[in-house]
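User: Hi, could you walk me through this one? I'd like to take it piece by piece.

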Amino acid sequence: MNTGTAGCAAAADTAPWFVLLAAGRGTRLAAHTGCAKQFLRYKNRPLYWQSVRTCAATQRFGGLVLVFPPETMEENAAEARELAGKEGLTLPLRFAKGGARRQDSVCNGLQHVPESAAFVCIHDAARPFFSEELVHTMLARLAEGATAVIPGLAVKDTIKQADSEGRVLATPDRAMLRAVQTPQGFDRALLQAAHAALNTPDNTVTDDASLMEAAGHTVWICEGEEANVKITTAADLRALDDSHSQSDRHAAARNEGHAGSTGESRDSAQGAPASPSDAASAAVSADRNALTVPCTGWGYDVHRYGGTRPLVLGGIAIDTTYTIAAHSDGDVLLHALMDALLGMIGKGDIGELFPDSDPAYDGASSVALLNEVMGLVRKAHVQLTHADVTIIAQKPRLKPWKQAIRSNLARLLGLDESHVNVKATTEEGLGFTGELLGIKACATVAGLARQQ
């Protein structure tokens with residue numbers, strides 16, 4: 001188990017950075033939707049913001065560079081800053097103008113990455129459903145000495161190489177082929193050197209791994225994710241429907257004609273829905289046979305006052321003199337929430353998963369532990385849809401922090417704030433909390449599980 005990896009970010013001066021490419025024109029999809037795909041609305045946010053949330057939730061990056069279309073960069077940057085403020089996102093954001101080609105946008109984005117950063121991840125905003133686990137896997141491989149790590153999936157279809165007239169020239173062995181995805185992770189200095197030497201007007205590439213290969217560096221493949229689909233055609237808009245699990249998203253998109261390669265998917269068929277909302281509605285109607293089962297979970301946790309840990313609730317530090325006695329960081333709210341999530345997927349409780357007898361969890365970040373639990377939720381093919389939490393404490397009064405906690409929980413869970421509720425109450429001076437002996441929390445979560 002990758003114990004607490006998410007909470008053990010590299011030192012600030014060498015921490016990896018994330019470059020998110022959101023400067024494409026997306027002409028095929030824009031013809032149906034009226035805007036570039038990275039700006040379609042998903043969970044009441046621009047689509048690219050889902051990648052920002054996942055990047056921030058990993059707690060691995062020193063900062064994030066957003067590459068926007070040059071003609072709208074200022075307004076896009078202003079919206080990003082506003083969203084970051086609303087959600088309490090503290091990850092430093094920088095902004096760059098996109099270039100004529102994808103590789104030019106990457107090159108512009110790299111100029112805003114500190115030279116002290118050891119690694120950099122490059123990601124396309126059109127792939128909004130990558131997971132935190134994928135990031136952790138790539139960064140671990142880079143830390144072990146790899147200079148380039150990219151996710152890839154085994155090709156399931158027979159691939160033919162053909163000429164411009166359609167004559168088959170060769171049939172590659174598909175056992176040797178991989179459909180490549182982003183994000184892709186690199187040694188930052190080597191990637192910048194490759195761009196400086198090989199990013200020329202007459203050398204157009206489809207991803208940064210190609211430049212690294214051309215520069216003579218070994219590129220390694222790690223296992224990609226079926227859910228990490230690329231939004232390219234009008235039919236792909238069904239992936240934005242919240243009722244699908246991540247695996248269902250991938251299946252739906254592939255059934256509409258994903259080619260299983262690094263290139264663009266086929267053009268959308270005639271009669272495709274004319275707007276994102278119409279497309280999403282059509283996707284739901286088309287997939288009535290994708291059965292899902294509602295599921296819930298409930299969690300409860302208690303911690304004593306008087307220990308050495310500062311009070312943290314929902315990942316938010318509370319300014320108070322009350323301290324917590326705990327083996328980990330003592331975030332009673334996240335502990336209750338994790339138990340609820342584990343209950344929803346039938347995986348026991350946090351005492352079994354993260355025992356307090358294990359010194360590895362001494363002072364462990366509950367946010368990091370929650371990231372691991374969310375990984376189990378995804379592996380169980382469960383789509384979390386709602387969370388309702390209650391904090392029980394006589395003191396301190398928690399009203400000033402409720403909104404920050406709500407925003408942070410939404411970010412950590414990948415939910416819109418409208419599907420996260422935070423309550424705080426007292427026990428009227430009675431019992432354990434009333435006597436100021438400690439603090440309690442309980443949580444209820446709801447989701448949809450794919451029927452096996």
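User: Let's start with H12: which of its residues are buried?

Analyst: This is a predicted model, and in it the buried residues of H12 are Ser366, Val367, Ala368, Leu369, Leu370, Asn371, Glu372, Val373, Met374, Gly375 and Val377. The helix is mostly covered, with 11 of its 14 residues buried.

User: And what covers those buried residues of H12?

Analyst: The cover includes the helices H2, H5, H10 (332-344), H11 (350-353) and H13, together with strand S17 (382-392).

User: How far does H12 reach from its first C-alpha to its last?

Analyst: H12, which spans residues 366-379, reaches 20 Å between those two atoms, and this is close to the 20 Å expected at 1.5 Å a residue.

User: You mentioned H2. At what angle do H2 and H5 pack?

Analyst: H2 and H5, the latter being residues 132-143, pack at an angle of about 55°, and their axes are 9 Å apart. As for handedness, H2 passes H5 in a right-handed crossing.

User: Which residues make that contact between H2 and H5?

Analyst: From H2 the contact is made by Thr54, Ala57 and Thr58, and from H5 by Glu132, Val135 and His136.

User: Now H3. How do the axes of H2 and H3 cross?

Analyst: The axes of H2 and H3 come within 12 Å and cross at roughly 45°, so these two helices are likewise described as oblique to each other. Their crossing is right-handed. On the H2 side, Tyr48, Trp49 and Arg53 take part, and they meet Asn76, Glu79, Ala80, Leu83, Ala84 and Glu87 in H3.

User: Which residues of H3 are buried?

Analyst: Those are Met73, Asn76, Ala77, Ala80, Leu83, Ala84 and Glu87. They cover an arc of only 125° around the axis, which puts them on the same side of H3.

User: Then what is exposed on the other side of H3?

Analyst: Glu74, Glu75 and Gly85 are exposed there.

User: What comes just after H3?

Analyst: Just after H3 there is Gly88, which takes a positive phi of about 65°.

User: Switching topic to Asp104: is it buried or exposed?

Analyst: Asp104 counts as buried because its relative accessibility is 18%, and the cut-off for buried is under 20%. This residue is found in helix H4, residues 102-110. If we leave aside its neighbours within four places in sequence, Asp104 is in contact with Gly99 and Asn199.

User: Last one, the whole chain: how many helices and strands are there?

Analyst: The chain has 14 helices and 19 strands, and buried residues make up 51% of its 452 residues. If we take contacts between residues at least 6 apart in sequence, 75% of them join residues at least 24 apart.

Conventions. Residues are numbered from 1 along each chain as its sequence is written. This is a predicted model: local features need pLDDT of at least 70, side-chain atom pairs count only at pLDDT 80 or more; totals for chains, interfaces and linings use all residues. Side-chain values use heavy atoms; hydrogens and water are left out. Buried means under 20% relative accessible area, exposed over 50%, partly exposed in between (1.4 Å probe, protein chains only). Helices (H or I, at least four residues) and strands (E, at least two) are DSSP runs, numbered from the N terminus. The arc is that of the directions from the helix axis to the C-beta atoms. Axes are lines fitted to C-alpha atoms, for helices over the stretch in contact, and angles run from 0 to 180 degrees between N-to-C directions. Angles under 35 degrees count as roughly parallel, over 145 as roughly antiparallel, 65 to 115 as roughly perpendicular and the rest as oblique. A crossing is left-handed if the near helix is turned anticlockwise from the far one by less than a right angle, and right-handed if clockwise. Contact means heavy atoms within 4.5 Å. The expected span of a helix is 1.5 Å times one less than its number of residues.
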